[in-house]
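Trainee: Could you take me closely through the aromatic side chains of this model, and then through the pocket?

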Amino acid sequence: PAPAPAPAADAEPAPAKAFAPPPRGSSTGSSAGTYSLEQLTDKRTWEKLDITATERETYLPEPVFIGLFGMSKADFAALPKWKKDTVKKKHDLF
């Protein structure tokens with residue numbers, strides 16, 4: 001195969017893609033950036049994780065989230081804060 005053509009001398013370099021490290025995964029083998037309900041409700045455990053304490057429910061895997069809250073994360077996010085807080089208290093995620 002022929003070598004790739006060199007960029008024109010007056011061409012601007014392509015912008016560098018932002019690199020973000022992947023979110024920390026759980027030890028449960030689930031998707032990266034998610035944790036088990038047990039991890040997220042045990043204060044000694046979740047305080048050591050690199051997560052936002054007031055948004056712990058968002059770190060649940062989607063199937064677990066739907067099982068607990070009866071709706072998707074997107075539907076939950078659309079609820080008023082008072083309603084989210086009430087449901088989160090029920091599952092010790094407040």
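How many aromatic pairs does a search of the whole structure find?

Mentor: This is a predicted model, in which local features need pLDDT of at least 70 and side-chain atom pairs count only at pLDDT 80 or more, while totals for chains, interfaces and linings use all residues. Residues are numbered from 1 along each chain as its sequence is written, and side-chain values use heavy atoms, with hydrogens and water left out.

The search of the whole structure finds four aromatic pairs, where rings of Phe, Tyr and Trp (its six-membered ring) pair if their centres lie within 6.5 Å, and planes under 30 degrees apart count as stacked, over 60 as edge-to-face and the rest as tilted. One of them joins Y35 and Y59, whose ring centres are 6.2 Å apart with the planes at 55°, so this pair is tilted. Because Y35 lies in the segment before α1 (37-41) and Y59 in the loop between α2 (43-46) and α3 (62-69), the pair ties together parts that are 24 residues apart in sequence; helices here are DSSP runs (H or I, at least four residues), numbered from the N terminus. Y35 is buried, with a relative accessible area of 2%, and Y59 is also buried, at 17%, buried meaning under 20% relative accessible area (1.4 Å probe, protein chains only).

F65 and F69 form another tilted pair, 4.5 Å centre to centre with 35° between the planes. They are four residues apart in helix α3 and therefore separated by about one helical turn, and both are buried.

Helices α4 (73-77) and α5 (81-90) each supply at least two lining residues, and the largest share, four residues, comes from α5.

Rings also meet charges: the charged end of R56 sits over the ring of W46, 4.3 Å from its centre, and K89 lies over the face of F94, at 4.7 Å from the ring centre, the criterion being NZ of Lys or CZ of Arg within 6 Å of the ring centre and within 35 degrees of the ring normal.

Conventions. Buried means under 20% relative accessible area, exposed over 50%, partly exposed in between (1.4 Å probe, protein chains only).
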